[in-house]
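These are my notebook entries on one structure, written down in the order in which I looked things up. I begin with the chain as a whole and then turn to single places in it.

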Amino acid sequence: MHADIVIIGGGLIGLAIAHRLAGDGADVCLIEAGQPGAGTTSAAAGMLCPGFELAHFAAEKQESFHRFAMASLAGWREMAPALAEATGIHIDLRMSGALGLAANEKELAGFSTLAGRLSDFGRRPVMLSRDELDQLQPGLHERFRGALYLADEGQVDPRLAATSMVAACEAMGVRIIGQTNVTGLDKEGDRVTAVTTGDGERVAAGQVIAAAGLASRNFWLEPGPAPFFSIKGQALSLAAGAAGLACVIRTSGTYLCPKADGRLVVGATEERDIETLTTDEDRLDSLYEGAAAIAPGLKECAVTGAWAGLRPTTPDRLPVIGRSLRVRNLIYAGGHHRNGILLAPATARLVAAIAGGAGNPALTAPDRFAG
Ligand code: FAD
């Protein structure tokens, strides 16, 4: 078999890339070890919060990250109706805003600084007093003093998005090969000629894109060690349809993400270098208590699910998106840490540009960790 472009990995990153490239008319084959969308993608809450995520990055990278993430948010707005029209699957994109709750003066000051920074980037952050907060979102714990409200942030359902993208990709002629592990890259000189699979198959490739989440480290051919490591996240869901929560709600330790089907996703732990997908009761209890400490009414809500996922992370918490410096037709797209859902559309657009000959941007360049 041959394809102009072979994508390794069918998480939301690999699927978004396949969708984009197929839309541009490329001949694409995507190979997925399990079921598309069933990796870390299926564990995500689906928050699309460029502003609130800013604090996770070094100051000098915040503006570039923000620009990239806002472009991705715009990408989701374009993609959701197009996916619904092409596949009939609605991906629960809801731009109903995000609230950051402050429990004390220090947190209020932190949000105020963030609001100033976002204003500099052309955003319209709103600081809410406690009375204004109650009007926007009743039912929150009395300990909160105020909040930062970003009306243009929101969320999507990652599982529905993956399902919809699989259908859209197949309709556009992408060959998706599931339950097939890519085990190696065949090389000649400074080019990959084919990927090989655990079944002994060989798929010849014009270009190869390593979008295998944490497992992208297995395809790292640059000098120095692969920069990817795992930060495990555990989360749970509550039957909270009646709790009246309307938007994404974030505090320093917990977030709440209400879904259209009545589930409330409560997240999430951060556990470095633990690569098991088990959940443990103590951590889930803390998440449950964290949720009730945001909205006491949630104590009445039953737990409907609990799960874990491995965030593919890099030292600066930014993804690696760029062409290999050693292998001319290999492109990396991995390491999206806690923002892979948010950044999927912009990642796909960037990979398409790089596959078409554009250079690597400094923000996500594969060689930025060298030395
Ligand atoms: P994955 O979804 O893991 O996909 C990689 C795929 O590659 C897998 O399906 C795997 O089977 C396949 N693969 C691996 N090895 C091979 C191989 N050798 N051959 C073929 N296929 C292979 N992000 C947000 O933006 N917003 C959120 O609210 C959010 N919440 C999160 C909450 C939790 C609890 C967790 C754990 C993560 C969260 N994230 C969130 C992060 C987000 O889930 C990830 O950044 C994103 O899913 C990464 O997507 P991916 O496609 O790179 O990886």
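I looked up burial and found that 54% of the 371 residues of the chain count as buried, where buried means under 20% relative accessible area, exposed over 50% and partly exposed in between, with a 1.4 Å probe and protein chains only. I note that this is a predicted model, in which local features need pLDDT of at least 70 and side-chain atom pairs count only at pLDDT 80 or more, while totals for chains, interfaces and linings use all residues. Residues are numbered from 1 along each chain as its sequence is written, and side-chain values use heavy atoms, with hydrogens and water left out.

**Overall form.** I found eight helices and 19 strands in the chain; helices (H or I, at least four residues) and strands (E, at least two) are DSSP runs, numbered from the N terminus. The radius of gyration is 21 Å, close to the 21 Å that the globule rule gives for 371 residues, so the chain is as compact as a globular protein of that length. This radius is taken over C-alpha atoms, and the rule is 2.2 Å times the number of residues to the power 0.38. Along the principal axes, the C-alpha atoms fill a box of roughly 65 × 40 × 40 Å.

**Cysteines.** How many disulfides does the structure hold? I found zero, a disulfide being a pair of cysteine sulfur atoms within 2.5 Å. For cysteine 49 the nearest cysteine sulfur is that of cysteine 257, 7.3 Å away. Cysteine 49 is buried at a relative accessible area of 1%, and cysteine 257 is buried at 0%.

**Cavity.** I found one cavity of 30 Å³ or more, and the largest cavity has a volume of about 50 Å³. On a 1 Å grid over the protein atoms alone, a cavity is a set of points where a 1.4 Å probe fits but cannot get out, a pocket is an open set with protein on both sides within 12 Å along at least five of seven lines, and lining residues have an atom within 4 Å of a point. Grid points are joined across faces, edges and corners, and a volume is the space filled by probe spheres set on the points. Among the residues lining the largest cavity are Asp157, Arg159, Lys259, Arg263 and Trp307, and the elements giving two or more residues to this lining are α6 (158–171) and β15 (263–267).

**Pocket.** The second largest pocket holds about 580 Å³ of space. Of its 23 lining residues, Phe52, Ala55, His56, Arg250 and Ser252 lie nearest its centre, and helix α4 (residues 105–120) gives the most to the lining, with seven residues.

**Backbone.** Most residues other than glycine have a negative phi, and most peptide bonds are trans. Alanine 268 is placed in the loop between β15 and β16 (271–272). Arginine 317 has a positive phi of about 65°; it lies in the loop between β17 (303–313) and β18 (320–323) and is partly exposed at 23% relative accessible area. Histidine 337 also has a positive phi, near 50°, and sits in the loop between β19 (330–334) and α8 (344–355). Is histidine 337 buried or exposed? At 7% relative accessibility, histidine 337 counts as buried.
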